[in-house]
Amino acid sequence: MEQSKPQKLFSSLKKIKNNSLNNQIFSATLIVVMLTVGVKIASFIKDLVVAWRFGTRDELDAFLIALVVPSLLSNVVASSFNSALIPTYIQLRETKGISEANKLFSNLMVCVLIILSLLSILMLGFAHLYLPFLAAGFDEQKLALTFRILCTISPIILLDGIICNWRAVLNAEENFTVAGVAPIFTPIVTIILLLQIHSWGVYTLAVGLCAGMILEVLAIGLTLSRKGIPLIPKWQGWDDNLTHIFKQYLLVLSGAVLLCSAVPIDQAMAAMLSPGSVASLNYGNKVIAAPMGLFTSGLTASIIPYCSKMYANGDWIKIRQTIRQNLGLIALIGTALTITTIIFSEPIVQLLFQRGSFVEKDTKIVSQIQSLYSLQIPFYIGNLFLIRLASSIKQNHLLLWVSGLDLILNIVLNYIFINIIGIKGIALSTSIVYIFSFFFLFLQINRYTIQEAKKLKVARY
């Protein structure tokens with residue numbers, strides 16, 4: 001049946017609106033990607049300088065193991081707060097105004113600072129219990145060095161908590177520039193220290209990390225202040241919005257604990273193998289982490305604000321269009337990156353790392369690890385996209401399920417593959433876990449969005 005003129009006009013306007021929204025997401029993603037390119041280049045240059053200075057020596061192993069728990073707490077506790085905050089923050093801003101949204105943000109930051117301060121103290125207080133487990137293959141001298149480095153970098157938990165939540169609010173205000181470029185301070189400061197100061201040894205990496213994050217806090221904080229968003233947290237009383245955030249946060253946190261625990265498990269199992277295995281595993285992931293970081297940073301920065309707005313307005317058709325378009329782009333680019341990395345794996349490692357303390361035998365093992373890690377590229381990016389989407393549409397319970405299954409699968413596959421192909425087995429296990437995680441989340445989210453889109457159609461007619 002032919003549409004009437006009003007119906008045709010309505011359909012045309014709807015397409016324009018949908019295209020406009022997708023263009024906004026694409027533009028925001030492109031901005032973040034372009035800014036992240038500069039950050040990743042700086043980070044990669046830092047890695048080259050680190051490889052030149054330390055190779056796969058014991059002191060680098062010690063630094064990487066010392067970084068495991070602070071990184072885990074930052075990724076799990078700090079990042080989970082902003083995933084729970086932004087959908088509610090945007091919904092409150094859209095319905096009740098910016099003052100109510102800022103009140104929620106201020107209350108949450110009080111909670112964040114208290115929780116992260118306590119965790120930092122507990123992390124140091126119980127280090128004597130978990131460090132011997134994480135560094136099972138280390139001798140006493142190497143283990144003592146690991147603890148001293150841990151003490152040096154302990155402030156990064158609190159710093160990262162501030163950065164994650166301030167950056168999330170900037171993204172919610174659709175200001176992606178400063179949040180995207182601010183992380184460049186850490187690699188630049190570290191490079192300068194590595195080239196200028198030789199007497200500090202591996203502590204140069206620890207000081208560079210802390211100093212760079214402090215500069216990042218100052219840059220993001222100045223931008224928020226100019227937008228009239230309060231930086232000094234002020235407790236204004238518990239309310240229903242904060243209760244809702246913590247309910248969502250507990251789901252995100254539980255899932256993140258299980259998902260992020262794969263990293264310390266991988267590194268702990270690598271530490272049980274021959275000396276240098278932890279560093280080799282780390283180098284093997286460096287090259288593929290760069291392109292994956294570009295796309296995930298761009299997508300995750302833009303997806304939560306825009307999809308949270310779609311969710312608040314009940315625009316399920318737009319959400320499904322966003323899923324199809326982004327996953328199609330991810331599949332195309334990710335597959336091309338995987339093939340390229342596998343074909344040129346050894347020349348890439350040789351060109352980038354083989355100098356100074358990094359010798360030919362290191363190149364061979366790292367290139368093999370890199371090839372197996374690269375299998376995950378399209379699935380890792382797609383997985384991060386779906387995780388952020390699940391948070392935007394308040395389906396955080398899915399993260400708990402998939403993370404628990406991922407953890408079990410990771411441990412089992414690590415054990416099997418290590419006994420077959422050694423340290424390379426950890427990389428293969430990681431790739432298989434991300435493939436499983438992607439398909440699990442995709443099937444669950446796809447089913448949920450179809451159901452909600454059908455309800456919307458029924459409600460309209």
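Tutor: Arg-167 is partly exposed, with a relative accessible area of 22%; the term covers the range between buried, under 20% relative accessible area, and exposed, over 50% (1.4 Å probe, protein chains only). The model is a predicted one, in which local features need pLDDT of at least 70 and side-chain atom pairs count only at pLDDT 80 or more, while totals for chains, interfaces and linings use all residues. Residues are numbered from 1 along each chain as its sequence is written, and side-chain values use heavy atoms, with hydrogens and water left out.

The side chain of Arg-167 meets that of Glu-216 in a salt bridge, at 2.5 Å from N to O. Arg-167 lies in helix H6 (residues 156-172) and Glu-216 in helix H9 (residues 203-226), so this pair ties together parts that are 49 residues apart in sequence. Helices here are DSSP runs (H or I, at least four residues), numbered from the N terminus. Glu-216 is buried, at a relative accessible area of 5%.

A salt bridge is defined as a side-chain nitrogen of Lys or Arg within 4 Å of a carboxyl oxygen of Asp or Glu. By this rule there are four salt bridges. In general, side chains of opposite charge can pair when their charged atoms come close.

Another of these joins the side chains of Lys-46 and Asp-47, at 3.9 Å from N to O. Lys-46 is partly exposed at 22%, whereas Asp-47 is buried at 10% relative accessibility.

Lys-361 and Asp-362 also form a salt bridge through their side chains, at 3.7 Å from N to O. Here Lys-361 is exposed, with 63% relative accessibility, and Asp-362 is buried, with 5%.

Conventions. Helices (H or I, at least four residues) and strands (E, at least two) are DSSP runs, numbered from the N terminus.
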